[in-house]
Amino acid sequence: MTKEELLSKLKTIIEPYVQNQEEFQHLSEDTNFIDDLEINSANLVDVILDVEDEFGIEIDNDGMDKMLTVKASIQVIQDKLVAK
Amino acid sequence: MTKEQIIEKLPYQAPFLFVDEILEIDNDGVKGYYTLKPDEYFYEGHFKDQPITPGVILTEIMAQIGLVCLGMFIRKDQLNEEEIQVAMSSTAIDFYKSVLPGEKVLVKSEKQYFRFNKLKCKVEMYNEEQKLIAKGEIAGMIV
C-alpha cells in the first residue's frame with residue numbers, strides 16, 4: 001500500500017469524528033487530531049478501532065499513545081503492516 | 001470487590017445517586033435496580049402538576065448502573081489504590097415507556113468493548129412488568 005493510499009484511508013476514517021472542518025480541509029502530516037481537528041479522546045479511541053478494522057492490525061497502548069498526528073499514525077500503521 | 005462496595009465507591013451522592021442495588025456484575029455486564037422516589041427534586045418541574053421522570057434522568061440511571069458501576073468493576077484493581085475518573089462521552093437512547101414517581105426500574109448493560117479507557121455498552125431499562133422503557137448505547141471514559 002502506498003503512503004497516499006494509506007493517507008486517503010486514514011482521512012476517510014477520521015472524517016466523521018472531526019470537529020474543526022477548516023483544519024481538516026488543510027490536513028497535513030503535522031495535523032494533530034486533538035489540538036487541530038478537535039477530535040475528543042473518546043472518538044480518538046473510535047479512530048484507533050476503525051484503523052484496526054480497516055487495516056487488519058492490532059494497535060497496542062504504545063501505538064495508541066503515539067497516534068496523535070497524521071504523520072505518527074501513518075508510521076504506526078506502516079510498522080504494523082510490515083510486521084503482519 | 002462486593003456489589004455493595006462498588007456502590008459505596010461511586011462518585012455520586014443524593015440527590016444524584018441513582019443506584020440502589022447491583023444484582024449481577026462481571027467483566028462483561030451488569031444488572032441493577034433503582035427506585036424513583038416519589039419526592040425526587042426534578043418532579044417539581046417536570047412537568048407542571050404532572051410528574052414524569054425526565055429522559056435525561058433515565059439516561060443518567062442507565063449510565064450510572066450500566067457504565068459507571070461496570071467500569072468500576074472492570075477497574076477494581078485500580079480502585080483500591082486511587083480514585084477513578086469517569087466522563088460520559090456519548091449516548092444514543094430510544095425511549096418506549098414513561099416512568100412515574102415510585103417506579104422501580106431494572107437496568108441491564110452488556111459491554112461492547114473496553115479499550116484504551118473507553119467503555120461502550122448496550123444498555124436496556126425495564127419496568128416491574130418487564131416492559132422495555134428505554135434502550136440504546138452509552139459510552140464513556142473510565143480513567
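Which residue in S6(B) does B:Cys121 stand opposite? Select B:Cys121 and look across to S6(B), where B:Ile138 is the residue facing it.

Before moving on, a word on what is on screen. This is a predicted model, in which local features need pLDDT of at least 70, side-chain atom pairs count only at pLDDT 80 or more, and totals for chains, interfaces and linings use all residues. Residues are numbered from 1 along each chain as its sequence is written, while chains are lettered from A and ligands numbered from 1 in the order in which they are written.

**Stop 1: the sheet of chain B**

Select residues 118-126 and 132-142 of chain B: these are strands S5 and S6, which run antiparallel and are joined by nine bridges. Strands here are DSSP runs of E with at least two residues, helices are runs of H or I with at least four, and both are numbered from the N terminus. Two strands pair if DSSP finds at least two bridges between them.

Now widen the selection to the whole open sheet of six strands, ordered S1-S2-S4-S5-S6-S3 with antiparallel pairing. At its edges stand S1 (21-26) and S3 (86-95) of chain B; each has a single partner strand, so one side of each has no neighbour in the sheet. On average, neighbouring strands of this sheet are turned by 20 degrees against each other, direction ignored.

**Stop 2: helix H2 of chain B**

Next, pick residues 55-74 of chain B. This is H2, lying across S1, S2, S3, S4, S5 and S6 of chain B and running at about 50 degrees to S4(B). Angles run from 0 to 180 degrees between N-to-C directions, with axes fitted to C-alpha atoms, for helices over the stretch in contact; contact means C-beta atoms, placed from the backbone, within 7 Å.

Centre on B:Ala63 to find a kink of about 30 degrees in H2(B). The bend is the angle between axes fitted to the seven residues ending at a residue and the seven starting there.

H2(B) is largely enclosed by the rest of the structure, because 15 of its 20 residues are buried. Buried means 20 or more other C-beta atoms within 10 Å of a residue's own, exposed means 12 or fewer, and partly exposed is in between, with C-beta atoms placed from the backbone.

**Stop 3: chain A**

Finally, colour chain A by itself: it has five helices and zero strands. Its C-alpha trace spans about 35 × 25 × 20 Å along its principal axes, and 25% of its 84 residues count as buried.

End on residues 41-55 of chain A, helix H3, which lies across S3, S4 (104-115), S5 and S6 of chain B, at about 90 degrees to S6(B).

How values were computed:
Contact = placed C-beta atoms within 7 Å.
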